[in-house]
Amino acid sequence: MNTELLLQLTVNGLIVGLLYGVIAMCFVLIYKSTQVVNFAQGEFLLIGAWVCWATLVWLDLPFYIGFLLTLGFMTVFGIIIQAVFLRPMIGEPIISVIMVTIGLSMFFQSLMKWIFGVSAESYPQVFETSTISIAGLNIELAYILSLIFSVVMMVGFYWFFRYSRLGLAMRATAFDQQVASSLGISVSKVFAASWAISAMVSATAGIVIGMVNGVSDALSFIGIKVFPAVILGGLDSIVGGVVGGVIIGVLENLAEFIDSQYLHIGNLYTIAPFYILLIILTIKPYGLFGTKNIERI
């Protein structure tokens with residue numbers, strides 16, 4: 001057994017899994033506050049990565065300025081998406097709302113191809129070195145930054161929901177929209193804030209991944225890949241999203257190790273999360289930390 005490769009892939013899986021956990025939290029954030037599963041989440045990553053790339057390449061701005069401009073753009077973008085496309089759907093059947101997010105996903109994929117083309121593009125050199133060695137393991141510097149970013153985001157989400165006024169309003173809205181509205185909470189503002197935060201955080205994850213792998217349509221697939229992590233942890237659990245993301249990140253890298261060393265199937269890394277999704281839905285339909293909804297028929 002190639003233990004060095006196994007350790008390398010396990011560490012990469014933990015780091016990528018934490019990033020998956022952050023993206024899963026964005027899924028959960030929107031679902032908890034609006035009861036909508038956003039199937040355009042992957043496109044938030046793609047758009048954020050392309051916008052940041054454009055500020056660095058087309059406008060020739062320093063990375064930190066391009067990054068901050070991208071965060072501002074994605075915040076406004078998330079608010080506009082909620083106001084223009086999702087707010088008119090309030091009161092409509094949930095399947096109709098889901099179909100709107102799927103339509104947005106297809107539209108934004110096509111729009112990004114039209115604007116930026118279909119070829120993958122690399123980010124300009126942001127750091128002097130792209131990899132660093134830790135205990136004999138070569139780790140992408142962008143992954144180290146993503147680890148820091150993931151931990152900061154998780155701590156930030158915890159503080160936000162526990163202590164901030166807007167976070168408390170989101171928790172109240174997730175519990176019961178009518179009661180929250182009767183207490184003076186603007187439900188529409190809560191919806192807009194959840195989409196804005198989700199778009200901004202997802203864009204940051206897209207930038208980190210784009211710095212390592214380049215920017216291409218494959219980034220939008222991350223949203224679908226993270227969905228098993230959301231189901232695994234529980235669709236309405238922030239903690240579950242983080243745990244599910246770490247589990248999926250580690251398991252898909254272990255699947256790559258098993259495939260490269262023994263099975264030689266070729267695509268086990270890609271399909272492993274969806275096998276896990278099927279197993280979890282069979283055993284625990286509400287996920288590890290999800291709320292069980294019991295209905296009498």
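Reader: In this predicted model, is glutamine 82 buried or exposed?

Author: The relative accessible area of glutamine 82 comes to 2%, and the cut-off for a residue of this kind to count as covered is under 20%. Because 2% falls within that limit, glutamine 82 is classed as buried.

Reader: Where does glutamine 82 lie, and which residues does glutamine 82 touch?

Author: Glutamine 82 is part of helix H3. Leaving aside residues up to four places away in sequence, the residues that glutamine 82 touches are Arg87, Ser188, Phe191, Ala192 and Trp195.

Reader: How do helix H3 and helix H4 pack, in terms of the angle between them?

Author: Helix H3 covers residues 63-86 and helix H4 covers residues 94-116, and their axes lie 12 Å apart at an angle of about 130 degrees. An angle over 145 degrees would count as roughly antiparallel and one of 65 to 115 as roughly perpendicular, and the rest between these is oblique.

Reader: Which residues make the contact between H3 and H4, and how do they divide by class?

Author: On the side of H3 the contact is made by Phe77, Ile81, Phe85 and Leu86, while H4 contributes Val97, Val100, Leu104 and Phe108. By class, the contact of H3 with H4 holds no polar and no charged residues, and eight nonpolar ones.

Reader: What is the arrangement of helix H5 and helix H8, and what is the hand of their crossing?

Author: The axes of H5 (residues 141-163) and H8 (residues 187-213) come within 10 Å and cross at roughly 170 degrees. Angles over 145 degrees count as roughly antiparallel, and H5 and H8 are therefore roughly antiparallel to each other. The hand of the crossing of H5 and H8 is left-handed.

Reader: How many residues of each class are in the contact of H5 with H8?

Author: Among the residues of H5 in this contact are Tyr143, Phe149 and Phe157, and among those of H8 are Ile197, Thr204 and Asn213. Divided by class, the contact of H5 with H8 has no charged residues, three polar and 12 nonpolar.

Reader: Which residues form the covered face of strand E2?

Author: In a regular strand, side chains alternate between the two faces of the sheet. Strand E2, residues 137-140, is joined antiparallel to strand E1, residues 131-134, by four bridges, and serine 133 stands opposite asparagine 138 in E2. The uncovered face of E2 has Asn138 and Glu140, and the covered face has Leu137 and Ile139.

Notes
Residues are numbered from 1 along each chain as its sequence is written. This is a predicted model: local features need pLDDT of at least 70, side-chain atom pairs count only at pLDDT 80 or more; totals for chains, interfaces and linings use all residues. Side-chain values use heavy atoms; hydrogens and water are left out. Buried means under 20% relative accessible area, exposed over 50%, partly exposed in between (1.4 Å probe, protein chains only). Helices (H or I, at least four residues) and strands (E, at least two) are DSSP runs, numbered from the N terminus. Two strands pair if DSSP finds at least two bridges between them. Axes are lines fitted to C-alpha atoms, for helices over the stretch in contact, and angles run from 0 to 180 degrees between N-to-C directions. Contact means heavy atoms within 4.5 Å. Ala, Val, Leu, Ile, Met, Phe, Trp, Tyr, Cys and Pro count as nonpolar, Asp, Glu, Lys and Arg as charged, and the others, Gly among them, as polar. Angles under 35 degrees count as roughly parallel, over 145 as roughly antiparallel, 65 to 115 as roughly perpendicular and the rest as oblique. A crossing is left-handed if the near helix is turned anticlockwise from the far one by less than a right angle, and right-handed if clockwise.
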